[in-house]
Amino acid sequence: MHPYKRPGIGNIAELDAAKLAEVQAFHSTFYRPDNATLVVVGDFQPDELHGWVEKYFGAIKKSEEKIPRVTTKEPPRKEEKRIVEYSPRVPLPGVAITWLAPSIRSDDTPALELAGEILSGGESSRLYQSLVYEQQVAQQASFGADLKQDLGLLTVTMILASGKTPADVEQALQAQLDKILRDGVSPEELEKAKARFLTGQLIQRETNNGKASELGEAAVVYGDPNRVNTDLAKLQAITPAQIKEVLNRYLAGKKKVVIEYLPEAMNPAAQKKEEKKS
């Protein structure tokens with residue numbers, strides 16, 4: 001089973017079923033110096049840091065056992081799927097659609113991040129303007145690139161407006177996707193997306209925690225801490241043609257998974273029961 005199939009923290013059933021010996025074995029296998037990255041950001045002298053590391057971590061011994069590594073790879077999708085779930089706890093009906101995305105290490109990552117900003121970054125974005133404001137088929141609509149070390153997901157999530165059906169929002173969404181796949185985006189639209197996205201990145205990097213997070217990701221995911229000094233320039237260099245090209249590469253004609261998460265009242269079986277009662 002691919003590890004992305006479940007959240008990293010697991011679930012309640014798994015936590016309740018875990019035995020002390022299993023937890024201890026997991027800790028000794030993975031919580032070790034040669035499977036950790038230490039990132040320290042702040043006002044200090046390098047010599048001080050060396051002393052702190054020795055003081056707090058020097059006594060931790062390196063295990064002689066090899067660290068198990070994940071070798072499972074996400075396979076290509078062979079068919080489209082539709083999953084419909086009903087629950088009495090669903091306040092509003094929602095629809096999510098996913099397509100496979102590349103690894104976060106892909107050269108397509110900057111363009112996909114900016115595409116997400118164009119499609120759903122704020123009230124002036126394409127999906128908000130079309131689905132929420134103009135057509136009023138959705139209360140919320142978002143597009144995001146959830147990129148991992150292995151293949152990730154491009155995900156659209158939509159909360160339906162009152163009286164609308166999943167078919168309504170899917171049709172409206174597809175029209176918007178077809179438009180951007182066919183016509184691309186304007187230079188002005190892309191520049192606005194860059195300004196919004198890059199501003200968020202720069203604000204994050206103004207804090208020590210933000211700097212540490214970016215350095216840690218660069219070191220662990222990309223194997224290159226210096227990437228924090230070059231990734232924003234790659235974003236700034238993206239062109240409208242690249243946005244169109246990358247969206248066509250991962251959306252046009254690709255297999256998708258559609259998930260409908262609906263209130264129990266919309267369940268045909270529940271509706272039949274109510275009809276029999278009446």
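1. Two strands are taken to pair if DSSP finds at least two bridges between them, and helices (H or I, at least four residues) and strands (E, at least two) are DSSP runs numbered from the N terminus. With those terms, strand 3 and strand 4 form a hairpin with five residues between them.

2. This is a predicted model, in which local features need pLDDT of at least 70 and side-chain atom pairs count only at pLDDT 80 or more, whereas totals for chains, interfaces and linings use all residues. Residues are numbered from 1 along each chain as its sequence is written, and side-chain values use heavy atoms, with hydrogens and water left out.

3. Strand 4 (residues 152–160) is flanked by two partners: strand 3 (residues 138–146) runs antiparallel to strand 4 and is joined to it by eight bridges, while strand 2 (residues 94–101) also pairs with strand 4 in the antiparallel sense, over eight bridges. Phe143 has Val156 as its bridge partner in strand 4, and Val95 stands opposite Met158 of that strand.

4. The covered face of strand 4 consists of Gly152, Leu154, Val156, Met158 and Leu160, and the uncovered face of Leu153, Thr155, Thr157 and Ile159.

5. Helix 8 (residues 208–221) has 14 residues and spans 20 Å from its first C-alpha to its last, close to the 20 Å expected at 1.5 Å a residue, the expectation being 1.5 Å times one less than the number of residues. Just after helix 8, Gly223 adopts a positive phi of about 70°.

6. Gly210, Glu214, Gly216, Ala218 and Val221 of helix 8 are buried (under 20% relative accessible area, with a 1.4 Å probe and protein chains only). The buried residues of this helix pack against helix 7 (187–204) and helix 9 (231–236), contact meaning heavy atoms within 4.5 Å.

Note on methods. Buried means under 20% relative accessible area, exposed over 50%, partly exposed in between (1.4 Å probe, protein chains only).
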